[in-house]
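Work through the exercises below with the model open beside you. Try each task before reading its solution.

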Amino acid sequence: MKHLIILLFTPLFFTAQDDEITLVSKMDGSFFTENGTNTPFWGFGEYFPGVVNQRVYLPAPLLVFNYGDSVHVNLINQSPETHTIHLHGLDVSQINDGVPATSFGVLFNDSASYKFRANNIGTFLYHCHVNTNLHAAMGMSGMLVVRNYPDTNLLYNGGPSFNKEYYYLSSDMYLYWNYNTTSPGPFHMYEADYFMVNGKSGTQLFDDTTETIYMNAGDTALIHIGNVGYNAVSYIFPVAANATAHLSDGRILPSPISADTLTIYPGERYSVLLTPTQFIEGYVTVNSTNLYNDTTIVGTNYIGINVTMYPSGVEDNKLEELHLYPNPANNIVNIRSTKDSDINIYSIEGKFVKTTRINKGANSIDISDFTEGMYLVISDGFLPAKFIVFK
Amino acid sequence: MYKHLIIIGFLVSSLSSFATIVKDTLYINRDTVNQAANLIHYCSFNNTSTFEISNAPLEVNLNDTLEITIINTDSLTHTFTVNSIIETGNTIAMDDTSTFTISFNSKGTFRYYSDVAYGKYLGASGNILVGYSNYIHFFWNLFEAKVSLSDSLANGLATIIPNYYKPEVFTINNLIYPNTTSDPIGFVTANVGDSIIISVVNSGQMISPFHFHGYHVTILEASIHQNFVGWEKDTFPIFPSEAMTLLLVPDKPGLYPAHNHNLTTVATGGYPGGMITLLNISP
């Protein structure tokens, strides 16, 4: 059960000049902590019309837009409290800022649309700005990326190129609040005791190959890092990864900085390039420290990193990703593919379950007769993908 | 609005390109203030002998000499300290008056403070802005307080901040939002296209990751994060004792929050409260 949140950070890509995504806010999410405890959270999920039980995710879905896009982020609030979306760092107009006192709140069973033009490339956040001190801590936050366009392999026009891309959103929770949602506080007493990257902690993160950085010699990986927690996080890369930060908060730095150890404070983001020149089989250490008069490390996570000595362009570099959502799924799992292909679905025990044809773009697969558990999707030319069936 | 600032402006106006001596006077006062039902002891540098909760900012032109007279109304000895500029021979005995002469040969924000526990830890700390008289400018002095520690410090029962503590009150210029929005020195009110200087010091003991809604700012000077100079950021850490100078050039009108993104600090007296202010930008 502890794997139920695997792949929740599957990115939702958009390529059109006018992009629209509809999110749902709910206060009935649950996730499994590393020790298997079912823990409540509040969150956002992608909204699917006609689905009775919309799901929310920890963290909220990663949103990826192209530079220059005119973006509409719609919010449907299916929770009893008012919520908003604050587009953190995107410098939107006042009405779209997501702060109830200066813009508006989205009431129960109401909906609204936030609009902005993606005028800056880089890494951003979004989170609820209603009682932010509580709602953000409860899990209502996600990462938003604006990538260069149309040269999506360039960090920015005239900038360095990359051929791999990874996203890591650090957060923390004071689990007492999650278990006592009717009487959290006092708010100044927030005491983070659970530390996550992409909603995962400890072995959930390190053992999850979808979170591991895989590179070949000669590759350049773009790493998006954000921190939406209450603590500082220090990302410590292997020195051989040759980590350099090129952007912060959606702006190009005057000159790149070494990012072997990169400390990121609540609300900050960095875009980091890895250009390893030698074999690495190790991990990126993510240490959390509080912001008080103390430097004690209060939490540590590890992200796997594997760099082979194979030259760039070997077969596994040609494998593309299938994007599955929602995940976990109930009766329908959607698969976004870059090409037409046949897929085979196997249970985690290796038992063949289903074969079907998918087309380029979005595909809906009926899984209503699947039993609960984890499944693998295998298809020629694609990396294996996993999804969870949760009834 | 800021009496001493007006005086300084007058003194330098006829000597615009020449170094000059700027004379000013500050009083060290002490009092207790009810902050969102928390009784906090404060020590402040004020323009008069009447206690005011916000420390008075100082302002000089580049290469000016500041001749500052400190009148200590407190019953304890204090100092007037500016790190790396005046660190010795700077004490002011109880009920005494001392005058110090200091020069500033670089632009930016400097922090002045009383370097005794019952001074700096009770808020006796303020901004000195050098070289930006011709800009629209504002002052933010970040501070936090813990009720029991404040009491112990005021009564001589504590002389240090423990490694880990949980303050209850978070302020800008020792004001809690929404009072920050009626603060004449801190509430940013300007127009689209203005070049606005925000002088920031962190007089507290916590790292304050500060977030701007609506805009990015350019970090012009930073006393600790010197690698940040020239960066455009919407969120960045301000370390204890750090002094920063920020440039904001708003590209659109609006009313936008700016706040500490350690979100424990934005609910003093209820959310929204504490270390929040607004930027009020007119077309």
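Predicted model: local features only at pLDDT ≥ 70, side-chain atom pairs only at ≥ 80, totals over all residues.

Residues are numbered from 1 along each chain as its sequence is written, chains are lettered from A and ligands numbered from 1 in the order in which they are written, and side-chain values use heavy atoms, with hydrogens and water left out.

**Exercise 1.** Find the strands of chain A that pair with β22(A), and state the sense of each pairing.

Solution. Strands are DSSP runs of E with at least two residues, helices are runs of H or I with at least four, and both are numbered from the N terminus. Two strands pair if DSSP finds at least two bridges between them.
- Step 1: β21 (residues 323-325) of chain A is antiparallel to β22 (residues 332-337) of chain A, with three bridges. A hairpin of six residues connects β21(A) to β22(A), and A:His323 lies opposite A:Arg336 of β22(A).
- Step 2: β25 (residues 361-366) of chain A also runs antiparallel to β22(A), joined by six bridges. Here A:Asn334 has A:Ser364 of β25(A) as its bridge partner.

**Exercise 2.** Which residues of the largest nonpolar core touch the most other members?

Solution. A nonpolar core is a set of buried Ala, Val, Leu, Ile, Met, Phe, Trp, Tyr and Cys residues joined through side-chain atoms within 4.5 Å. Buried means under 20% relative accessible area, exposed over 50%, and partly exposed in between (1.4 Å probe, protein chains only).
- Step 1: The largest core has 93 residues, and those touching the most other members are A:Tyr235, A:Val272, A:Leu274, B:Phe80, B:Trp140 and B:Phe212.
- Step 2: A second, separate core holds 43 residues, among them A:Phe124 and A:Met138.

**Exercise 3.** Characterise the interface between chain A and chain B by its contacts, area and salt bridges.

Solution. 
- Step 1: With contact taken as heavy atoms within 4.5 Å, 41 residues of chain A meet 41 residues of chain B.
- Step 2: Buried area is the accessible area (1.4 Å probe) that two parts lose on being put together, summed over both. Between these chains it is about 3600 Å², with 58% from carbon and sulfur atoms.
- Step 3: There are five salt bridges between the chains, each a side-chain nitrogen of Lys or Arg within 4 Å of a carboxyl oxygen of Asp or Glu. A:Arg251 and B:Glu232 form a salt bridge at 3.8 Å, N to O.

**Exercise 4.** Are B:Pro57 and B:Thr81 buried or exposed?

Solution. 
- Step 1: B:Pro57 sits in the loop between β2 (38-46) and β3 of chain B. B:Pro57 counts as buried because its relative accessibility is 5%.
- Step 2: B:Thr81 belongs to strand β6 of chain B. B:Thr81 is also buried, because its relative accessibility is 3%.
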